[in-house]
Amino acid sequence: MKLKIAIQKSGRLNEDSIRLLKECGIEFNNGLNKLKAEAYNFPLEVFLLRDDDIPQYVEDGVADIGIVGENVLIEKSKKVKIVDHLGFGKCRLSIAIPKDKKYKSVKDLKGKRIATSYPVILDKYLKKNGVKAEIHEISGSVEIAPGIGLADAICDLVSSGSTLFTNGLKEVEVMFKSEAVLIANKGLNKEQQKILDKLMFRIHSVRKAKNTKYILLNAPNNKLDAICKILPGMKSPTILPLAKKGWSSIHSVLNENDFWDIIENLKAHGAEGILVVPIEKMII
Ligand code: PRT
Ligand code: ZN
């Protein structure tokens, strides 16, 4: 029994999806133009597809699970389960208009022509806000639509904002924030679910490690109590004596989010020689 996973063949999610599987220790040969690859060391078969097709394949059970942008998933309105958010492919679906146009609220879109590749999400958004506008569905290069007179506004994905900027547009509404999600067919059998659980355990270990750093530092023994209070650790920090009398080395783990606050606090309490190193996996 193998679990079948669908990932994007080429595009923005391809590299990160493959990297995630490889970081989970899953090896496969994703050579050029391959549509299918079998993992050598994990019961997984990898399908390489266009992202737009992934929700349908997973709903139909052609693939058991898949990695796709939440934006695509919602647009396609397929009946699948979101297993987890994966923390990459982050972007937002926004409405933008030419930068010299005035804009106060979403009501200003009334009667306007809006070009988008996301007609379903846009339609829902406009209805929710009681705004009637004309939706022009186009499949690519949405950002040029206002410039060529095809539309008054666009609804498209934005990440850095540079595409909007170079096309003389400004972002006026953020409709929703998206990232890559792991989706699953709703009718997985026990054996498939077991493989998925095993995969999820690995994904969590990899993701947890990414947000966490290993920290080593030296401190005089009379400062140990204060420093240990600052460092959470997995259970508690490890303390080892240094060859230099009256000094110890302290080892612990840190969460990336409060990283700088903790480092500053440690220094203020007498810590020296602070080393921070990445963690490859965290098995908790
Ligand atoms: O060939 P296939 O159909 O598989 O790929 P695709 O061309 O439809 O999708 P692709 O590879 O462009 O994007 C795949 C997924 O990546 C999307 O569904 C999103 O979930 C996610 N993602 C993250 C993005 C972006 N960021 C993004 N910036 N997808 C597209 N963009 C585009 C956007 O449409 C615009 O043209 O990038 C431009 C804006 O980028 P900035 O940085 O200039 O703001
Ligand atoms: Zn696509």
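Predicted model: local features only at pLDDT ≥ 70, side-chain atom pairs only at ≥ 80, totals over all residues.
**Entry 1. Conventions.** I noted that residues are numbered from 1 along each chain as its sequence is written, and that chains are lettered from A and ligands numbered from 1 in the order in which they are written.

Entry 2. I looked up the strand order and found β8-β7-β9-β6-β10, an open sheet with mixed pairing. Strands are DSSP runs of E, at least two residues long, and helices are runs of H or I, at least four long, numbered from the N terminus; two strands pair if DSSP finds at least two bridges between them. β8 (134–137) and β10 (169–178) each have a single partner strand, so each edge strand has one side without a neighbour in the sheet. From one strand to the next, the twist averages 25° (axes are lines fitted to C-alpha atoms, and angles run from 0 to 180 degrees between N-to-C directions). I then followed β6 (residues 91–98), which runs antiparallel to β10 and is joined to it by 8 bridges. In this pair, I95 stands opposite E173 of β10.

**Entry 3. Ligand 1.** I recorded 23 residues around ligand 1, the closest being R50, N71, S160, G161 and T163; a residue counts if one of its heavy atoms lies within 4 Å. Next I checked polar contacts, which are pairs of N or O atoms within 3.5 Å. A polar side-chain atom of N71 lies 2.6 Å from an oxygen atom of the ligand, and a backbone N or O atom of G161 lies 2.7 Å from an oxygen atom of ligand 1. For Q8, a side-chain N or O atom is 2.9 Å from a ligand oxygen atom. The protein buries 79% of the 840 Å² that ligand 1 exposes when taken alone (Shrake-Rupley method, 1.4 Å probe). Among the elements of the shell, β9 (153–158) gives the most, with 3 residues.

**Entry 4. The sheet of 4 strands.** I found a second open sheet, antiparallel, in the order β13-β14-β12-β15. β13 (238–241) and β15 (272–278) are its edges; each has a single partner strand, so one side of each lacks a neighbour in the sheet. Here the twist averages 20° from one strand to the next. Between β12 (residues 212–220) and β14 (residues 247–255), I noted 9 bridges, with I215 opposite S252 in β14.

Conventions. Heavy atoms only, no water. Polar contact = N/O pair within 3.5 Å; in protein donor to acceptor, adjacent residues only side chain to side chain.
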